[in-house]
Amino acid sequence: MYATITTTTFWIPQLFLLPLLIPDSHSHFLHLHESKEELHNTCAAPFSLLIMDNGVCPSLFPLHRSKTIHLVRHAQGIHNVEGDKNYKAYMSPEYFDAHLTQLGWQQVDNLRKHVHSSGLVKNIDLVITSPLLRTIQTAVGVFGGEAYSDKMDNLPLMVTNAGNSDRTAISSLDCPPIVAVEICREHLGVHPCDKRRSISEYQSLFPAVDFSLIESDDDVLWKADVRETKDEVAARGMNFMNWLFTRKEKEIAIVTHNGFLFHTLAAFGNGFHPLVKKEISRRFANCELRSMVILDRGMVGSHCSSTNFPGKIPSGLDSPSHVAADSKKQEE
């Protein structure tokens, strides 16, 4: 499943979150409210509204600043194979900073075909990835350039066989920039699969990926005996979403993790209709992509549209039509 459809836009403190309509064969529709009035009653402030009736999708919302985000969970990692069967398997040291399986790379290839055939990759201004091996591999595999040649002047996004990938090098030409961001990592602590290696090592494997936003070369956030709580993950996720609005890019792809996505989106849904929260916080499949539009409520009205027209040009008091006619006759 590469995309999702839902029929309702809902308000969140500071931000609106609007699922972007990208239909595919797996799409489904939810009728969450019986009427516009009922939807209005569930919101505590001015809101965006999307009602779908027979495929007609009028969107009603005030002037706003928005970003389109494309959320991607990494492809299958070696830790997922056993971990999906037995949760305790995630404790195994052999899954340290887990890399993608061969099935995972097939999933990457399929999603890559989708983002290219749909034209999505041409619209993306920036790709953000969690700085773990499986997410970086997914990001460069899906959104990176074609095969890299030593004759090229630019650095490769990924060197040959990076992270036991058994893949040729990937070019950084004709693709959006890819930046690693620490704040969108998976649940921190205890599980070796969620511990990253040094940034220096990543830089040797992924030379054209930008790691400049990560302060520490070593992983100082992961603790062997302390697991981040769900609330802490959610708070970190909300901070990440707010940080996105400091970026100048309008359309951003984010390659991250199931737990991070689940707890972040569940936090977005707090205080709203249970079906709304359930829909947006559904667990992601490996290499699933969901697209959404975020509307910044705090910026409503602060950016004027270039097509706005002020009116009253020329300015002056309006006169009744008969008065205007008499005035015109006098002038003649």
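Two strands count as paired if DSSP finds at least two bridges between them. In this predicted model, that criterion applies to strand β6 (residues 126-129) and strand β10, which run parallel and are joined by 4 bridges. Within this pairing, Ile 128 has Ile 254 of β10 as its bridge partner.

**Strand β10**
- Strand β10 spans residues 251-256 and is mostly covered, with 6 of its 6 residues buried.
- In a regular strand the side chains alternate between the two faces of the sheet.

**Helix α5**
- Helix α5 is largely enclosed by the rest of the structure, because 11 of its 11 residues are buried.
- The buried residues of α5 include Leu 133, Arg 134, Gln 137 and Phe 143.

**Packing of α3 against α5**
- Helix α3 (residues 102-117) packs on helix α5 (residues 133-143) at an angle of about 40 degrees, and their axes lie 8 Å apart.
- That angle makes α3 oblique to α5, and the crossing of the two helices is right-handed.
- On the α3 side, the contact is made by Trp 105, Val 108, Leu 111, Arg 112, Val 115 and His 116, and on the α5 side by Gln 137, Thr 138, Val 140, Gly 141, Val 142 and Phe 143.
- The residues of this contact between α3 and α5 divide into 7 nonpolar, 4 polar and 1 charged.

Technical notes:
Residues numbered from 1 in each chain as written. Predicted model: local features only at pLDDT ≥ 70, side-chain atom pairs only at ≥ 80, totals over all residues. Heavy atoms only, no water. Axes fitted to C-alpha atoms, helices over the stretch in contact; angles between N-to-C directions. Parallel < 35°, antiparallel > 145°, perpendicular 65-115°, else oblique. Left-handed = near helix turned anticlockwise from the far one by under 90°. Contact = heavy atoms within 4.5 Å. Nonpolar A, V, L, I, M, F, W, Y, C, P; charged D, E, K, R; others polar. Buried < 20%, exposed > 50% of the residue type's maximum accessible area, 1.4 Å probe, protein only.
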